[in-house]
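The text then follows how they pair up.

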Amino acid sequence: MSQSIGRSCDELKKEYDTCFNKWYSEKFLKGDLRPECEEIFKKYRDCVLNAVKNKNIDKLLGEARKDDPF
């Protein structure tokens, strides 16, 4: 598994990846579509958004979206 954008997010990423992979292989692929791992995903997402902001990447993303919105 790769590192996160912010070193402080690495443990949360590892925890989320582990949870997601287990859910995907043991439940989703067997037809159980009920989502899991949402709370850890929210924590990880918040950490990533903070890292993006702290590295001023959010401004670059904003400019890129103006040039080529998706």
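**Cysteines and their links**

Cys 37 is buried, with a relative accessible area of 11%. Buried means under 20% relative accessible area, exposed over 50%, and partly exposed in between, with a 1.4 Å probe and protein chains only. The model is predicted: local features need pLDDT of at least 70, side-chain atom pairs count only at pLDDT 80 or more, and totals for chains, interfaces and linings use all residues. Residues are numbered from 1 along each chain as its sequence is written, and side-chain values use heavy atoms, with hydrogens and water left out.

Which residue does Cys 37 form a disulfide with? The partner is Cys 19, and the two sulfur atoms lie 1.9 Å apart. A disulfide here is a pair of cysteine sulfur atoms within 2.5 Å. This pair links distant parts of the chain: Cys 19 sits in helix α1, Cys 37 in the loop between α1 and α2, 18 residues apart. Helices are DSSP runs of H or I with at least four residues, numbered from the N terminus. The torsion about the S-S bond of Cys 19 and Cys 37 is about -90°, so the disulfide is left-handed. Cys 19 has 27% relative accessibility and therefore counts as partly exposed.

Now turn to Cys 9 and Cys 47. They form a disulfide with sulfur atoms 2.0 Å apart. Cys 9 lies in the segment before α1 (10–26) and Cys 47 in helix α2 (residues 38–54), so the link ties together parts that are 38 residues apart in sequence. The angle about its S-S bond is -95°, a left-handed link. Both Cys 9 and Cys 47 are buried.

A search of the whole structure finds two disulfides. With bonded cysteines counted along the chain, their pattern is 1-4, 2-3.

Methods
Helix = DSSP H or I, 4+ residues; strand = E, 2+ residues; numbered from the N terminus.
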